[in-house]
Amino acid sequence: MQYLTIASAILSSALLVSAAPTPSDSNLNARACSVAYPESIGFPINYSISQDAGAANKRDDAITFNNVPAGSYGCQLEVNFPAGYPITSSGNSQVYLWSGTGASKQQVGTINFLSSPVAATKFVVNSFTCASTMSYTMSIGSETDAGSVAFADTKDAGLTMTYNC
């Protein structure tokens with residue numbers, strides 16, 4: 001009986017070793033996302049989205065990504081802020097993200113631009129089919145409330161488009 005237990009342990013170990021992946025296993029290739037930054041003349045890009053009560057004096061802001069290569073896949077609009085990043089807001093600071101213009105305009109996301117004082121903030125707004133030009137409009141998410149939000153978008157903070165993940 002003792003020999004049977006030892007033989008079973010040796011066989012079990014051999015099965016585990018043979019099933020372990022090897023470095024040449026093609027399924028284990030590391031994949032890193034590529035990152036596109038908003039089109040701008042230079043960094044930082046200062047976004048300022050606001051409106052008075054009743055959506056009067058509305059100031060929307062646009063964001064465009066022109067640098068996603070043809071053939072890319074899995075585009076995701078992301079928000080990233082390091083801990084304690086300065087964001088100014090008042091009133092209703094929830095932001096709606098729109099794609100398209102005029103009658104074909106569609107809401108594709110809702111964003112609360114917030115920065116934690118103790119930890120980095122990162123979240124996905126939405127996923128999209130990649131295109132060479134991807135443009136969106138940001139506006140305060142209310143037809144009645146006054147509100148504003150403003151922040152500087154840099155290579156280390158703000159909006160990015162990840163792809164090929």
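Where is the place of S93?

Tutor: S93 sits in the loop between β5 (88–91) and β6 (95–99), where strands (E, at least two residues) and helices (H or I, at least four) are DSSP runs numbered from the N terminus. This is a predicted model, in which local features need pLDDT of at least 70 and side-chain atom pairs count only at pLDDT 80 or more, while totals for chains, interfaces and linings use all residues. Residues are numbered from 1 along each chain as its sequence is written, and side-chain values use heavy atoms, with hydrogens and water left out.

With a relative accessible area of 18%, S93 is buried (under 20%; exposed is over 50% and partly exposed in between, with a 1.4 Å probe and protein chains only). Leaving aside residues up to four places away in sequence, S93 touches I111, I140, S148 and V149, a contact being heavy atoms within 4.5 Å. One of these partners, I140, belongs to β9 (134–140).

Of the 165 residues, 32% count as buried, and among contacts with a separation of 6 or more, 80% are between residues 24 or more positions apart.

C75 belongs to strand β4 (residues 75–81), whereas C130 lies in the loop between β8 (121–128) and β9, 55 residues apart; both C75 and C130 are buried.

The other disulfide joins C33 to C165, with an S to S distance of 1.9 Å, and it is right-handed because the torsion about the S-S bond is about 130 degrees. C33 lies in the loop between α1 (2–19) and β1 (34–36) and C165 in the segment after β11 (158–163), so this pair ties together parts that are 132 residues apart in sequence. C33 is partly exposed, with a relative accessible area of 41%, and C165 is partly exposed as well, at 33%. Numbered in sequence order, the bonded cysteines pair as 1-4, 2-3.

Terms used:
Disulfide = S-S within 2.5 Å.
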